[in-house]
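Dear colleague,

Please find below the structure that I am handing over to you. My notes on it follow directly after.

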Amino acid sequence: MDTYLLPAAIRELPPPWHDLIYRRSQALEALAPTEERREQARQVLRACLPDRRQSVHDWDEELRDFYDDRDDHTLDEADAWLTRIMPTTSQVTRERVVQVVGVWADMGIPTVPEPPTEQWVDRVAAEWAASVRQALAYDAFAFIERATTAGLLNDGESEDAALLAAAFVRVCMAVEAAVRLLVSLGRPRGEQALMELVHDDQVRDFRPYVRSRLLGLRRSVYEVRAREVTCDEEPLLPEGLQGLPHSWQNDFGWGALAPDSHSLAQARSALEACLTVERVPDDAQMCSHAPADCSAIAEVVGVLMPYLRLVTRERMNEAWRECQSLGFEFQGIDAACFAKVWCKKIADRVTAAVFRWLADLPQGGGGAGDKEPAVLSATTLWAAELAERCARCGSAVQEAIWFLQRTDDVPGSREALARLAFDPSLPVTTRSAAQEWAP
């Protein structure tokens, strides 16, 4: 008697859902997403939804590592035997998995025990069944997403689809397809489901991905706010920064701006203003332990306040609340500290952009026309002093030192590099970066 690995609801799926080879996806793409077929797709999802988190294809990770970078098709052939022996959902049985394992042993697959143990067969069987569930769910979500994009779902269908998608994310199955469906559902249903997921501990390692897709939905809200004038709002950055026209989107880069007396004076004023921005303690620097989280927070802040004139107390508070609603975890950081941290980060970005621009300016006589060499020469003197000050306080260290290296034909830059390279009071990373270029 066969030992079935899938419940009856999956074994008895009608065509093309029961097909486990490539024909299923092709057939579904050709079907019109009628109301009856949309309900059938949701039935597939209900049948495939496990009651707990399951590993999917972990059994062959060791095998994939073994065949990594090899120019052969052994692994593909091994996988193909699964659907060759079990081409439909009704044929997914333990006995057929035993047949597959026997074929693998004959092929000399190195991860198959000799002889295959019952425990190892059970592991392969369980995770193959989970893989079948996931593949079916991916196709079902894709089918419903196509109908959603076409505007065919009614309110009840949208609610049901959102609940099913969130449930699959919580058990870590077909996560990307489920999240894509939630994004296609948009606001409010898809957005609300994603908002709940980023706060759910069950999501675990998928939280950054879910959050990134949620940010995509929320971005238009931030852009609308960014277009509003800063009437009666409290600016948080010094005046020397508020007038800069460069945007966060371009990393505050100065691009090909001509190095005339006005732009150079503006650069100097910006650097001096950045040095006045309050430095926050090291233990308050990190708003989150994960680099991906810091990048996502930067996206919220940057889209809400794309220009320096928009960096106000009110908008920073909005960014703080938005980040909390997105499930970011801040340890010992309130709204006021959040504003200080990100004002410092913005100042560091501006500092880095200015030094990149200055480092790329033509060095030496005649590089900027007849009237500008004297201006550029004088620029190197004050810029070298500011570069050393910025490096000492930990602001845009790499860019500041790079500027000093690019202008090391000037005594002031060489001397600054030497001081930075051998000052024992500075962090090792700063000294090491300067020592690389110090004379």
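Within what distance do the axes of α7 and α9 come, and at what angle do they cross? The two axes come within 9 Å and cross at roughly 15°; here axes are lines fitted to C-alpha atoms, for helices over the stretch in contact, and angles run from 0 to 180 degrees between N-to-C directions. Helices (H or I, at least four residues) are DSSP runs, numbered from the N terminus.

Before the details, a word on the basis of these notes. This is a predicted model, in which local features need pLDDT of at least 70 and side-chain atom pairs count only at pLDDT 80 or more, while totals for chains, interfaces and linings use all residues. Residues are numbered from 1 along each chain as its sequence is written, and side-chain values use heavy atoms, with hydrogens and water left out.

Helix pairs

α7 and α9 are therefore roughly parallel to each other, a term that covers angles under 35 degrees. Their crossing is left-handed, meaning that the near helix is turned anticlockwise from the far one by less than a right angle; clockwise would be right-handed. On the α7 side the contact (heavy atoms within 4.5 Å) involves Tyr-138, Phe-141, Ile-144, Glu-145, Thr-148 and Thr-149. From α9 come Val-175, Glu-176, Ala-177, Ala-178, Arg-180, Leu-181, Ser-184 and Leu-185. These contact residues comprise eight nonpolar, three polar and three charged; Ala, Val, Leu, Ile, Met, Phe, Trp, Tyr, Cys and Pro count as nonpolar, Asp, Glu, Lys and Arg as charged, and the others, Gly among them, as polar.

α7 (residues 118-149) also packs with α2 (residues 23-30), at an angle of about 15° and with the axes 11 Å apart. That angle makes α2 roughly parallel to α7, and the crossing is right-handed. Arg-24, Ser-25, Leu-28 and Glu-29 of α2 meet Ala-135, Leu-136, Asp-139, Phe-143 and Arg-146 of α7. By class, this contact has four nonpolar residues, one polar and four charged.

In a further pair, the axes of α16 (residues 335-360) and α18 (residues 397-406) come within 8 Å and cross at roughly 15°. These helices are therefore roughly parallel to each other, and their crossing is left-handed. α16 contributes Ala-352, Phe-355, Arg-356, Leu-358, Ala-359 and Asp-360 to the contact, and α18 contributes Glu-399, Ala-400, Trp-402, Phe-403 and Arg-406. Seven of the contact residues are nonpolar, none polar and four charged.

Backbone features

Pro-15 and Pro-16 are joined by a cis peptide bond with omega of about 0°; Pro-16 sits in the loop between α1 (8-11) and α2. The peptide bond from Arg-187 to Pro-188 is also cis, with omega near 5°, and Pro-188 belongs to the loop between α9 (175-185) and α10 (189-198). Ala-174, a residue other than glycine, has a positive phi, near 50°. Its place is in the loop between α8 (155-170) and α9.

Largest pocket

A pocket here is an open set of points on a 1 Å grid over the protein atoms alone, where a 1.4 Å probe fits, with protein on both sides within 12 Å along at least five of seven lines; lining residues have an atom within 4 Å of a point. The largest pocket has a volume of about 360 Å³, volume being the space filled by probe spheres set on the points, which are joined across faces, edges and corners. Its lining has 18 residues, of which Ala-226, Gly-302, Val-303, Pro-306 and Tyr-307 lie nearest the centre. The elements giving two or more residues to this lining are α11 (207-226) and α14 (291-304). α14 provides the largest share, four residues. The lining divides into eight nonpolar, four polar and six charged residues.

With kind regards

How values were computed: Angles under 35 degrees count as roughly parallel, over 145 as roughly antiparallel, 65 to 115 as roughly perpendicular and the rest as oblique.
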